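Please have the sequence and the structure open while I talk.

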Amino acid sequence: MPTTQIHAALPGRSLRAGSAKTSPVRDLLALTERPEVISFAGGLPAPELFDLEGIRTSYDAVLRSPAVLQYSTSEGNAVLREEVARQYTAAGLPTEASDLIITTGSQQGLGLLATALLDPGDTIFVEEPCYLAALQTFALAGARVIGVPYLDDVLDLDALESLARQHAPKFFYTVPTFQNPTGRTHDLEARERIADAARRHGFRIIEDEPYRQLRYSGDELPSIAAFAPEHVLSLGSFSKVIAPGLRIGWVRTTADIQPTVTIAKQAADLHTSTIDQAAAAHYLTSGRAGAALDRIRAAYSERRNAMLDALPTALPSGSTWNRPDGGMFVWARLPEGMDATAALSEVLSHDVAYVPGAPFFAGPPDERTLRLSFTTYVPDRIRTGLSRLGAAWSATGSVKA
């Protein structure tokens, strides 16, 4: 006779994992793979602007030594750390190589800081709306996330003060320059006041700066770390200025937290790819990186302008949007009563896409908002895509929130 087997139910996923939302950007990428779709949804750098020749030369150069195929230190390649420190110092923020830990993209750096700083139930602040992958990271850490609202395009600093008195957060996470998703930038006064609030209320600041070098207009602004160096942990990345496939980022730490972040890095993956770090270091010191970044900025500036010029006929009458000085994104808001998420299926049927703004909110979302990325396509393609978007709104009509 056959033996009946009884299987016990397997444990389910953790409560923290269940609290993290999927990324609509990643979900949309699957829907927009058809070549005829013009997608303003993904924050994708333009591949034709990657310096393939220079990057290939750097890989060829470092592959002459077998050391680049060996295990390495958790803190990262010494030359690479020296170069990143030099860039910070040149920008007015004195930095030593020993202050830096190289990470597998700045997203890993954010995860390492969450591991190092947070216990389940800890309160943190984010900008509202916020970079979605940060919200996912904080959910997985079990944090209680509170959004600090904006008043128009300016962070509500009075609300930050009031919330800090009420909740005593562990840290405030901010993308102060050309934020994802909104493209907003904190001005000098806001940076000073955020730093002052951190000092007075005793919380840290995580300053995430992946877009800082993508400025097309306006004046450079100092890092928030310049105003409160002992309170600020900084994140950076080469994904937007060299290529995202390198997966090279870093954390600029403070002395009190660096050993803990290093341990978290060791537990995560021992160290970031040795060969990729070596190639990045060679490329940055080869003299090619500056010229390549100039080409990227010039191209993206034209693309931003093409999008801004076409938006008046691409969005319904009564819509509003900002005019970012840099970065990759424009943040728009539809007229009263419209819903950007509900309209997306009709928009996709016109072979064009955007990201609805709702998932970027830690609290109640603004269903009228949407994010448009301008970096992926040349100006003519942007204009074609926005023409399709305008036609889609005409077909959609008023989609109620």
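In this predicted model, the side chains of E48 and R303 meet in a salt bridge, with 2.7 Å from N to O. That pair links distant parts of the chain, since E48 lies in the loop between β1 and α3 whereas R303 belongs to helix α11, 255 residues apart. E48 counts as partly exposed because its relative accessibility is 47%, while R303, at 4%, counts as buried.

E83 and R86 form a salt bridge whose closest N and O atoms are 2.7 Å apart, and because they are 3 residues apart in helix α4, about one helical turn separates them. Here E83 is buried at 10% relative accessibility, and R86 is partly exposed at 46%. In helix α13, R383 and D380 are likewise 3 residues apart, so about one helical turn lies between them, and their closest N and O atoms come to 2.6 Å in a salt bridge. D380 counts as exposed at 52% relative accessibility, and R383 as partly exposed at 41%. Elsewhere, salt bridges with shared partners join E161, R165, D196, R199 and R200 into one network.

Now to the strand: which residues of β8 lie on each of its faces? V232, S234 and G236 are on one side, with L233, L235 and S237 on the other, and all of them are buried. Strand β7 pairs with β8 in the parallel sense over 4 bridges, with D208 opposite L235, whereas β8 and β9 pair in the antiparallel sense, also over 4 bridges, and there G236 stands opposite W250.

Conventions: Residues are numbered from 1 along each chain as its sequence is written. This is a predicted model: local features need pLDDT of at least 70, side-chain atom pairs count only at pLDDT 80 or more; totals for chains, interfaces and linings use all residues. Side-chain values use heavy atoms; hydrogens and water are left out. Buried means under 20% relative accessible area, exposed over 50%, partly exposed in between (1.4 Å probe, protein chains only). Helices (H or I, at least four residues) and strands (E, at least two) are DSSP runs, numbered from the N terminus. Two strands pair if DSSP finds at least two bridges between them. A salt bridge is a side-chain nitrogen of Lys or Arg within 4 Å of a carboxyl oxygen of Asp or Glu.
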